[in-house]
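I opened this notebook to record what I looked up in a two-chain model. The entries follow the order in which I worked.

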Amino acid sequence: MSELPLSSATYDVDDPYAANELFQESGWTDGLPIVPPTPALVHRFLDAVGIEPAEIVGVEPVRRRRISGEKIAIAAVMAGCRPEYMRVVVALFRAVCAPEFGLHGCSASTGGSAPFAVVNGPVRREIGMNATHNALANGSRANASIGRTLRLLIINVLGGAPGRLDRSTLGHPGKFTFCVAEDEEDSPWPPLATDRGVPAGASAVTVLAAEPPHQVMNEWTRDPREILDTYAAAIRANMLTYSIWAGNYAVVIAKQQRDVIAAAGWGKRQIREYVFDAARVRRSDWRSVGKGAIAARRDEDKVYTALRSPDDLLIVAAGGPAGGFGAVVPPWYGAKSLAVTRTI
Amino acid sequence: MRVLDPRLEAEGQDMTMAPPLETLEGATLGLLDNAKIGTARFYDHVESILRSRYGVREFIRRRKPDSSRPAPAETLGELSAADALVSAVGD
């Protein structure tokens, strides 16, 4: 085990219960209990990914905060990760530090987004990630603790505690953790990472600053257009009731609907193009949702698309085998934050 | 047992407020607009008060391209000609 020195301040406590009490009282958690980050555990987590304590893993571009391997490992231990999750955690943190992700803005905004992480490749099975039943919620320690690690880092190394840097008006439950694996083995389409340029067989994580998932249901048709009309309607509702600006939307499509869409011979290109055409609103539509005051400020005949181009749509295959369900995961604020993919 | 502090220590010097101007009479003020929807109108009002009640002579007004990212160096360079700067945060 590496014996390179750690630089964090230390505290002596009686036992794990007292450690948790210290972290809770100090505001260093999300409110859920933590695993105490001891020096031995932090060394073990760093060794698992071959990173030295002082190595800078990422720099938050706005406030130029330089985040070391040591702080990442501390957060991963606290969140309940196992050491082998560290390579996903590190890739995820590097992804959110990309300038186009806009980590500062989406962490601070009153809009209250959460990073939505999608993991692809062999690492999913190696660390036991869940991509099927209850895919967007509890079901796997790896999904839960990897997503939670990012939240603890935002709180502790970026200062993103609620009411401090985090000015979210409401936030949403995904701010505790929001991490899913894709069901590649049971999908008719190439994985998301492949769409985004990652070589086949490699593991990768894609992250989007996202609002909460909106579940949709349509199990009464064999026509892929009708299924996608349901998704487009949810996207249009989001454009009118939340934010009209175009950006990366994710759609999570569960197996039953995937099978129907694939049986009609539709691949991801057709899905993206159909949603691009269908998910658009007219500025005057704002009047139908109580936003007449803002509608009149510009040309009310102007048409807004949800996506800047069909490629803005992130298609994720995940969910349990039964039920005609899917979800729309909207962007925080148009293209102010863009999805980022990093190889693991 | 011994546990590690999860927080990141601040790097570099702490920032402090610049000393206030002796008077606003005849001063040049920078107004940095954070690019939110109501900021320009708000600053119109601030500017008229500062001109009429406090005798501010000149304003340098610049708008950030994006409310979620820092002002570009070029914008800060232009604002540095001011005696003092107002940076409004919020909608």
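**Conventions.** I worked from a predicted model, in which local features need pLDDT of at least 70 and side-chain atom pairs count only at pLDDT 80 or more, while totals for chains, interfaces and linings use all residues. Residues are numbered from 1 along each chain as its sequence is written, and chains are lettered from A and ligands numbered from 1 in the order in which they are written.

**Chain B.** I first looked up the secondary structure of chain B, which comes to two helices and four strands. Helices (H or I, at least four residues) and strands (E, at least two) are DSSP runs, numbered from the N terminus. Along the sequence I read the pattern β-β-α-β-α-β for chain B. Chain B has a radius of gyration of 17 Å, well over the 12 Å that the globule rule gives for 91 residues, so it is more spread out than a compact globule. This radius is taken over C-alpha atoms, and the globule rule is 2.2 Å times the number of residues to the power 0.38. I noted that the C-alpha trace of chain B spans about 65 × 30 × 25 Å along its principal axes.

I then checked burial: 12% of the 91 residues of chain B count as buried. A residue is buried if 20 or more other C-beta atoms lie within 10 Å of its own, exposed if 12 or fewer, and partly exposed in between, with C-beta atoms placed from the backbone. Among the contacts in chain B with a separation of 6 or more, 74% join residues 24 or more positions apart. Two residues are in contact if their C-beta atoms, placed from the backbone, lie within 7 Å.

**Between the chains.** How many residues does the contact take from chain B and from chain A? I found twelve residues from chain B and 29 residues from chain A. The side of chain B that touches chain A has six nonpolar, one polar and five charged residues. Ala, Val, Leu, Ile, Met, Phe, Trp, Tyr, Cys and Pro count as nonpolar, Asp, Glu, Lys and Arg as charged, and the others, Gly among them, as polar.

I also looked up strand pairing between the chains. Strand β1 (residues 10–12) of chain A and strand β1 (residues 2–4) of chain B pair in the antiparallel sense over three bridges. Two strands pair if DSSP finds at least two bridges between them. Val3(B) in β1(B) is the bridge partner of Tyr11(A).

**An open sheet of chain A.** I recorded four strands in the order β7-β12-β8-β11 (chain A), with mixed pairing. The edges are β7 (214–217) and β11 (313–317) of chain A, each with a single partner strand, so one side of each is left without a neighbour in the sheet. Neighbouring strands of this sheet are turned by 25° against each other on average, direction ignored. Strand β8 (residues 249–253) of chain A pairs with β11(A) in the parallel sense over five bridges, and Val251(A) stands opposite Ile315(A) in β11(A).

**Another open sheet of chain A.** I recorded four strands in the order β5-β4-β6-β13 (chain A), and the pairing is mixed. Strand β6 (residues 204–210) of chain A and β13(A) pair in the antiparallel sense over four bridges, with Val207(A) opposite Val340(A) in β13(A). α7(A) packs on the sheet and touches β4 and β5 of chain A.

**Helices of chain A.** The axes of α2 (residues 39–49) and α4 (residues 86–96) of chain A come within 8 Å and cross at roughly 80°. Axes are lines fitted to C-alpha atoms, for helices over the stretch in contact, and angles run from 0 to 180 degrees between N-to-C directions. The contact is made by Phe45(A), Ala48(A) and Val49(A) of α2(A) and Met86(A), Arg87(A) and Val90(A) of α4(A). By class I noted five nonpolar, no polar and one charged residues.

**Two loop residues.** Phi of Arg64(A), not a glycine, is near 55°. Arg64(A) lies in the loop between β2 (56–60) and β3 (65–68) of chain A. Asn134(A) has a positive phi of about 60°, and with 12 C-beta neighbours inside 10 Å, Asn134(A) counts as exposed.
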